[in-house]
Amino acid sequence: MSDVHSTAYRYDAVCQELGVAPNPYFIKMFEREKEESVLRQKRGEIRDRMHLYLAGNNKLLTDKRLVDKDCVALFKLLQNNVFVTSLDLRYNNITDEGIKSIAKLLEENSVLEELNLMCNDFGKDGAETLAKALQRNTGLRSLRVNGNKIGNRGGMYFAQMLQINATLRALDLADTDLTTESLIALTTVVNNNRSLKSLNVNRPILFSEQEECTVHFAKMLKVNSTLEELHLQKFQIRDFGATRLAENLMENLTLQYLDLSCNRITRDGVKELSKVLKRNTAIRHLDLSFNRLEDDGAMHLAEAIATYNTTLQVLDVRTNNIRGKGLCSLSDAMKMNPTLTKIFIWGNNLEETAAIAFANLLESGRLLKSNTDVQPYVVDGKTILSELTHNEQRHYYYAPSYGDDVPSWQPRGKNPRGSDVVAVNNDGYPVLAN
């Protein structure tokens with residue numbers, strides 16, 4: 001019996017043992033995995049890993065959300081399982097009580113590598129339970145708890161956990177109502193942490209205008225030698241904070257992805273950040289969307305990209321009140337720089353000069369359609385740009401279940417409008433629809 005079949009059989013036994021009715025969503029996912037495993041066996045493929053997708057926000061797959069009693073069944077099902085390495089429980093109704101079962105699973109199962117708990121209903125008590133379990137866990141590599149209101153105390157528990165845990169690589173604490181105290185605690189711990197590679201602390205609750213948290217993150221970046229990805233969205237960063245980040249990033253040789261979107265950075269702040277790009281630091285992806293760069297800020301970036309930088313690959317400057325002059329300078333910079341392959345500009349003042357410039361980039365093949373969020377069309381002899389949903393964070397909260405943009409981690413559902421388009425995987429085999 002295959003691992004998928006034995007897991008499904010075990011789930012039925014667990015439900016009988018607990019005296020609860022089997023969740024139809026569990027059954028549907030196991031049935032899907034059974035069908036796909038049969039196809040893989042026919043093709044001679046062997047897979048020893050399984051991504052268990054039990055998200056509650058996909059109406060094409062389920063109208064049931066998991067509750068605390070389902071977590072008990074999940075614990076008993078997976079506590080000795082060596083096949084499921086990724087578990088997605090986003091957008092369910094799991095509270096502090098249900099997190100106790102998830103925490104027990106983390107304590108007893110060292111095979112699970114990825115756990116997604118975003119947008120459930122647990123708070124600081126659930127965060128404490130999870131953090132204590134992770135102090136003993138040696139297998140989990142990625143944890144997402146964004147959208148759960150764990151608050152300041154919850155953030156402190158996770159900071160304490162990072163002092164002990166040496167295996168976690170990615171931690172997402174966005175939209176969890178962190179405050180100044182917990183943010184400073186996290187930066188203090190990450191100063192000496194040598195395992196964490198990705199940290200997301202978007203949208204904290206800050207009451208001060210002094211940018212203390214930004215300064216602490218800047219100082220952390222100067223001494224940390226392992227962090228590769230940092231998200232500081234909605235951090236109230238202004239030019240002072242951007243300058244402090246730039247000063248310390250000069251000494252950083254490892255950070256590759258810096259997200260500063262949805263802040264208050266203007267041309268003066270981005271001028272300092274451009275100096276970092278001129279130094280050819282490790283930054284590969286820079287997100288400055290939803291700031292206040294305007295034409296002067298875009299021109300500072302263009303100068304760095306065209307004449308100095310050979311490492312930046314992705315630049316996001318959406319919704320920055322950049323007009324034709326600034327956008328054309330970025331377009332010209334891309335002609336000089338072969339390394340920058342992705343650029344996102346929607347939400348700016350897309351004057352015709354900018355539209356023509358980016359149309360030329362697309363027509364010449366310098367910029368691929370899949371690597372930008374605009375495409376040109378002509379109306380009455382005038383070139384205009386329309387939007388494409390190709391930005392890098394488009395699958396952060398939600399991903400489509402059908403069409404040509406379904407990510408690999410999400411099961412494919414049937415188009416409710418009855419499309420006859422047949423989806424195939426990278427090997428040319430049809431992907432099963434529900």
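In this predicted model, 11 strands form an open sheet, with parallel pairing, in the order S1-S2-S3-S4-S5-S6-S7-S8-S9-S10-S11. At the edges stand strand S1 (50-53) and strand S11 (342-344), each of which pairs on one side only. From one strand to the next, the twist averages 5°. Strands of a sheet pair through backbone hydrogen bonds, and the pairing may be parallel or antiparallel.

Strand S4 (residues 142-144) and strand S5 (residues 170-172) run parallel and are joined by 3 bridges. Within this pair, serine 142 stands opposite alanine 170 in S5.

The protein as a whole has 13 helices and 13 strands. It holds 434 residues, of which 52% count as buried. Considering contacts between residues at least 6 apart in sequence, 79% join residues at least 24 apart.

Strands S12 and S13 make a separate pairing to look at. Strand S12 (residues 374-379) pairs with strand S13 (residues 382-387) in the antiparallel sense, over 6 bridges. In this pairing, valine 378 has threonine 383 in S13 as its bridge partner. The two strands form a hairpin with 2 residues between them. Aspartate 380 lies in the turn and has a positive phi of about 55°.

Several strands take part in the lining: strand S2 (84-88), strand S3 (114-116), S4, S5, strand S6 (198-200) and strand S7 (229-231) each supply at least two residues. Sorted by class, the lining of the second largest pocket has 9 nonpolar, 9 polar and 7 charged residues.

The largest cavity has a volume of about 80 Å³. Its lining consists of Thr180, Leu206, Phe207, Ser208, Glu211, Glu212, Cys213, Thr214, Phe235, Gln236 and Arg238. Helix H8 (residues 212-223) gives the most to this lining, with 3 residues. By class, the lining of the largest cavity divides into 4 nonpolar, 4 polar and 3 charged residues.

Helix H8 also has a part in covering another helix. Helix H9 (residues 239-249) is mostly covered, with 8 of its 11 residues buried. These buried residues are Gly241, Ala242, Thr243, Arg244, Leu245, Ala246, Asn248 and Leu249. Their cover includes H8, strand S8 (257-259) and helix H10 (267-278).

Is serine 329, in another helix, buried or exposed? Serine 329 belongs to helix H12 (residues 324-336). It counts as buried because its relative accessibility is 16%, and the cut-off for buried is under 20%. Leaving aside residues up to four places away in sequence, serine 329 touches Ala298, Met299 and Ala302.

Two further residues are worth a look for their backbone angles. Most residues other than glycine have a negative phi. Phenylalanine 290, however, has a positive phi near 60°. Phenylalanine 290 sits in the loop between strand S9 (285-287) and helix H11 (294-307). With a relative accessible area of 38%, phenylalanine 290 is partly exposed. Glutamate 294 is not a glycine either, and its phi is positive at about 60°. Glutamate 294 is found in helix H11. Its relative accessible area is 40%, so glutamate 294 counts as partly exposed.

Technical notes. Residues are numbered from 1 along each chain as its sequence is written. This is a predicted model: local features need pLDDT of at least 70, side-chain atom pairs count only at pLDDT 80 or more; totals for chains, interfaces and linings use all residues. Side-chain values use heavy atoms; hydrogens and water are left out. On a 1 Å grid over the protein atoms alone, a cavity is a set of points where a 1.4 Å probe fits but cannot get out, and a pocket is an open set with protein on both sides within 12 Å along at least five of seven lines; lining residues have an atom within 4 Å of a point. Grid points are joined across faces, edges and corners, and a volume is the space filled by probe spheres set on the points. Helices (H or I, at least four residues) and strands (E, at least two) are DSSP runs, numbered from the N terminus. Ala, Val, Leu, Ile, Met, Phe, Trp, Tyr, Cys and Pro count as nonpolar, Asp, Glu, Lys and Arg as charged, and the others, Gly among them, as polar. Two strands pair if DSSP finds at least two bridges between them. Axes are lines fitted to C-alpha atoms, for helices over the stretch in contact, and angles run from 0 to 180 degrees between N-to-C directions. Buried means under 20% relative accessible area, exposed over 50%, partly exposed in between (1.4 Å probe, protein chains only). Contact means heavy atoms within 4.5 Å.
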